[in-house]
Amino acid sequence: MLALAVDWFPLWLSLRVAAIATICVLTLGTALAYLLSHKSFRGKHLLDSLITLPLVLPPTVLGYYLLVIAGRASPFGHIYEGLFGRPLVFTWQAAVVAAMIHSAPIYIKAAAAVLETVDYRFEWAAQSLGASEWRTFWRVTLPLAWRGLSSLAALSFARSLGDFGVTIMIAGNIPGQTQTLSVAIYDAVESGDGSLARVLVVVVSALALALLWPAAYLSRKSRPAASA
Amino acid sequence: MSVDARLIKRLRAMGDSDPFELNVHLRAEAGITVLFGPSGAGKSLILNCLAGFARPDEGRILVNDRLFFDAATHVHLLPRDRCCGYIFQDHALFPHMTVRENLWFAAASRPALNGRLNRHRRINELLEAFELNELAGRKPIQLSGGQKQRAALARTLVNEPSLLLLDEPVRGLDARLREGFYEVLRRTCGQVRVPVILITHDLEECFQLADAVCLVENGRFTQSGSRDSVFKRPANTEIARSLGIYNILPAEIEALDPSRGTSRLRVFEFELEGPYFPGHLIGDRGFICVPSSEVTVKPPGGPLTANCLVLRLSGQTGSPRGVRLQFEHDVVATTTESDYKALKGNHELVVEIPPSLIYFVGK
């Protein structure tokens, strides 16, 4: 039997990238989702469209934008390099940014919908009892929405694992440094290493399924209404 | 303890709803003021303006000399700074907390109630007062409808609100639980002495609970005042009709006798005696309003006394309180099951109207 020597680095990198990206998306994304679902302000529809934009733009376009924004010549790239001592592009941190871009739009849109399903009367009751908006969010809105949000977190993690286009544009394909699972599969196919590609494909699929299964279970449980 | 709220709010037409304008002046003292009217009249909007969840376009809200809202000077207190106890339809107890945690949430949200010990004491007092001691560890889903209502009321009282707002609190409860909640609410009002504004479209509830009544229709108060002044002296026939407790009959004043305090009225071909109607003249045409519940029905053939109309029966329906008889000219009377047996089989019946209960409304 042929012993297959698989380099598992891409798997660990992908898991690490996805975990960090998911944490960032959860914090930033939930705040944005709250803004979209609970506030009315000028430019709300513009913000909504900007958040949706990454879903429709080709990854090459997104990658190009990011290269321009985070490149060494841009102010942002300059500041980043000043802070961390090296540029962002073509590092594994860039893969985190790519994964965030890949998963954030869906998370924010769906999380806004989940937060909207929390009966406003619970929030009103909390506020008229004297609770601040912050306290209302942490003690009432979030606990009532956690099933929906955690199912979305799982979905977000699964989606972060799978980015390819933007990752290869801004993080590149450096084995042992920025080569994530999806990029490694592309690489394996390109170089004719069919057995490696097969193993990695199975791993990615199994991982995604293992994440989506509990997510589906969580989201199926309906949320209570005010009368429950 | 009083509320003085002048509220004007315009809502633009949205989807299939017409534009709506709320324009009311609500004055309420300690005790229960009922906002009574059909759904869509703007009752909930009034509560939301008072609680701070809706911002009026114009007006001023003053609660116990504290300014909640003033359009002219752009004062608009946040809901959490208003200290209104708001009880929502379906009570809105937090489903993920126990009864005690619900009360604790309220206590911990107001820094005024400082000290854990004080908070615990207050919560324990309320749990005791509302017979919730044994249920304190339960989640709302494990409570009955009446228990949930009591818990919701207790939760709003934790912070000693300056105003209580109740939006159809007993909707969906059966008659027995309603009675129970009315009892609790009346007792509470006797103790806390704050203005209580309660919304209902249930006449029975309005009658049972109200100290004062505001009739709301299409964003306006059509009449407001003490319960008796509104129910016994509706300002016009439309209000009388909307209350749904009156027989309304066209009438003409034939004679007025201020010295004896009486009047004579012509209703169809009959002559009725009524009380003196100050401010009206002989020959005035209008309507008389007589509560359906005060009309007595007798079989025909007996001696015709004063204040009797002979009317044709057009139908009857049974109700838990007896038999409801429907006569020509939309006259309605209720009678007991046993009295109805004596009336059965007659097409025409004698309807007697007590003179003191006749109320005349001009055209």
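Good morning. I begin with chain B, where the axes of helix α3 (residues 99-109) and helix α4 (residues 116-129) come within 10 Å and cross at roughly 135°. Axes here are lines fitted to C-alpha atoms, for helices over the stretch in contact, and angles run from 0 to 180 degrees between N-to-C directions. That angle makes α3(B) oblique to α4(B); under 35 degrees counts as roughly parallel, over 145 as roughly antiparallel, 65 to 115 as roughly perpendicular, and the rest as oblique. The crossing of α3(B) and α4(B) is right-handed. A crossing is right-handed if the near helix is turned clockwise from the far one by less than a right angle, and left-handed if anticlockwise.

On the α3(B) side, the contact is made by Val99(B), Arg100(B), Leu103(B), Trp104(B), Ala107(B) and Ala108(B). From α4(B) come Arg116(B), Arg119(B), His120(B), Ile123(B), Asn124(B), Leu126(B) and Leu127(B). Contact means heavy atoms within 4.5 Å. Eight of these residues of α3(B) and α4(B) are nonpolar, two polar and three charged. Ala, Val, Leu, Ile, Met, Phe, Trp, Tyr, Cys and Pro count as nonpolar, Asp, Glu, Lys and Arg as charged, and the others, Gly among them, as polar.

A word on conventions. This is a predicted model, in which local features need pLDDT of at least 70 and side-chain atom pairs count only at pLDDT 80 or more, while totals for chains, interfaces and linings use all residues. Residues are numbered from 1 along each chain as its sequence is written, chains are lettered from A and ligands numbered from 1 in the order in which they are written, and side-chain values use heavy atoms, with hydrogens and water left out.

I turn to chain A. It has 10 helices and zero strands; helices (H or I, at least four residues) and strands (E, at least two) are DSSP runs, numbered from the N terminus. Along the principal axes, the C-alpha atoms of chain A fill a box of roughly 65 × 50 × 30 Å.

Two helix pairs in chain A deserve attention. In one, α7 (residues 133-161) and α10 (residues 194-220) have axes that come within 8 Å and cross at roughly 165°. The helices α7(A) and α10(A) are therefore roughly antiparallel to each other, and their crossing is left-handed. Among the residues of α7(A) that meet α10(A) are Trp146(A), Arg147(A), Phe157(A) and Leu161(A), while the partners in α10(A) include Leu207(A), Leu211(A) and Ser219(A). The contact of α7(A) with α10(A) comprises 11 nonpolar, three polar and one charged residues.

In the other pair, α2(A) and α5(A) pack at about 130°, with their axes 8 Å apart. That makes α2(A) oblique to α5(A), again with a left-handed crossing. The contact involves Asp48(A), Ile51(A), Thr52(A), Pro54(A) and Leu55(A) of α2(A), facing Ile101(A), Pro105(A), Ile106(A), Ile108(A) and Lys109(A) of α5(A).

What space do the pockets and cavities hold? The largest pocket has a volume of about 1,100 Å³. Of the 34 residues that line the largest pocket, the closest to its centre are Ile245(B), Tyr246(B), Pro291(B), Ser292(B) and Ser293(B). Its lining has 15 nonpolar, nine polar and 10 charged residues.

On a 1 Å grid over the protein atoms alone, a pocket is an open set of points with protein on both sides within 12 Å along at least five of seven lines; a cavity is a set where a 1.4 Å probe fits but cannot get out, and lining residues have an atom within 4 Å of a point. Grid points are joined across faces, edges and corners, and a volume is the space filled by probe spheres set on the points.

The second largest pocket has a volume of about 600 Å³. Closest to its centre, of 21 lining residues, are Leu50(A), Pro54(A), Met100(A), Ile101(A) and Ala104(A). Helix α5(A) gives the most to this lining, with six residues. By class, the lining of the second largest pocket has 20 nonpolar, one polar and no charged residues.

Finally, the whole structure has two cavities of 30 Å³ or more. The largest holds about 50 Å³ and is lined by residues including Ser14(A), Ala95(A), Leu161(A) and Asp163(A). The second largest cavity has a volume of about 40 Å³, and its lining includes Ser128(A) and Leu129(A) together with Cys83(B), Arg110(B) and Pro161(B). Thank you.
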